[in-house]
Amino acid sequence: MTRTAAPRILRGIPDGIFTLFFPDDCRICERPLTRWTRVPVCPDCLHSPAPLEADYFCAACNTPFLNPFPLDEKGLCAACRAGLRGFDRAASFGFYEGALRDLIHLFKYSGMKPLGRHLADYLLRALPVDEAIEAVVPVPLHWRKKWQRGFNQSEVLARAIAQARAVPCVNALRRVRPTNAQAGLGKTARRRNVRGAFAARRGADLDGKKVLLIDDVMTTGATATACGLALKRAGAKSVSLLTLARVDRRWRT
Ligand SMILES: [Zn+2]
Ligand SMILES: [Zn+2]
């Protein structure tokens, strides 16, 4: 039973009851699972996501490119040069495809919250060890979506990162208006869709802080930019973005 399909009355029951799976088939490769597990995914699928690979990356936002021509002598892409990013740096573990995409889908849309711990390990692998952070902030979900899903996937990930780095996890952002789904929109439409959609919560103490912003997937970076700008308006000194996956747009130019 997925949590989204659960009647409202069941929502208050602790996750553990629903997330201990009898040996069944792996939800990704469909081979039988041989052990009891809190996530219905076999160890092979759990460990198969591969880190990002490309020959050229922007030095700041880590966008992959097919050749070095979009990058200037400092290694920056056009968006970073033009100051179009609301964040200072970005890192992602892998491309939004294959097993990583399947795991994110199970986590997000099938309500498999215990997958968050495994996915957070991938985030930690992508976070540069020397990255100084003073607060971890998740990209917020609109309350209606959070209620439907039962949790904010970015918040689950952010809490795990904050714990691993011994810094506070701060729910510093809120959605000031619901936005349309970004899927299917072009780059400019995405930017317009989320512009001004986020604001810092009153009382969120970010003044002069180096903030790590967490999201599950980065497509064009429009959402992260809108969040980054809100964090900076609230006084954040710098904003680094860390996502599990990013959409590979190298062949879409
Ligand atoms: Zn499997
Ligand atoms: Zn860039």
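In strand β7 (residues 210–218), Val-211 is the bridge partner of Ala-135, a residue of strand β4 (residues 135–138). β4 and β7 pair in the parallel sense over 4 bridges, where pairing requires at least two DSSP bridges between two strands. Strands (E, at least two residues) and helices (H or I, at least four) are DSSP runs numbered from the N terminus. The model is a predicted one, in which local features need pLDDT of at least 70 and side-chain atom pairs count only at pLDDT 80 or more, while totals for chains, interfaces and linings use all residues. Residues are numbered from 1 along each chain as its sequence is written, and chains are lettered from A and ligands numbered from 1 in the order in which they are written.

The residues of β4 point in two directions, Ala-135 and Val-137 one way and Val-136 and Pro-138 the other, and all are buried. A residue is buried if 20 or more other C-beta atoms lie within 10 Å of its own, exposed if 12 or fewer, and partly exposed in between, with C-beta atoms placed from the backbone.

β4 belongs to an open sheet of 4 strands with parallel pairing, in the order β3-β8-β7-β4. β3 and β4 are the edge strands, each pairing on one side only. From one strand to the next, the twist averages 20 degrees. β3 (residues 89–95) has 6 of its 7 residues buried and is therefore largely enclosed by the rest of the structure. β3 runs parallel to strand β8 (residues 238–246), to which 6 bridges join it.

α7 lies across β4 and β7 and runs at about 135 degrees to β7. α9 packs on the sheet and touches β4, β7 and β8, its direction making about 160 degrees with that of β7. Angles run from 0 to 180 degrees between N-to-C directions, and axes are lines fitted to C-alpha atoms, for helices over the stretch in contact. Contact between two residues requires their C-beta atoms, placed from the backbone, to lie within 7 Å.

Helix packing was examined next. The axes of helix α5 (residues 115–126) and helix α7 (residues 153–165) come within 9 Å and cross at roughly 60 degrees. α5 and α7 are therefore oblique to each other; angles under 35 degrees count as roughly parallel, over 145 as roughly antiparallel, 65 to 115 as roughly perpendicular and the rest as oblique. The contact involves Gly-116, Arg-117, Leu-119, Ala-120, Leu-123 and Leu-124 of α5, together with Val-156, Leu-157, Ala-160, Ile-161 and Ala-164 of α7. By class, the residues of this contact are 9 nonpolar, 1 polar and 1 charged. Ala, Val, Leu, Ile, Met, Phe, Trp, Tyr, Cys and Pro count as nonpolar, Asp, Glu, Lys and Arg as charged, and the others, Gly among them, as polar.

Helix α4 (residues 98–109) packs with α5 at an angle of about 140 degrees, the axes being 10 Å apart. This angle makes α4 oblique to α5. Leu-103, Leu-106 and Phe-107 of α4 meet Leu-115, Gly-116 and Leu-119 of α5 in the contact, which has 5 nonpolar, 1 polar and no charged residues.

Ala-166 is placed in the loop between α7 and β5 (173–175). Ala-166 is exposed, with 6 other C-beta atoms within 10 Å.
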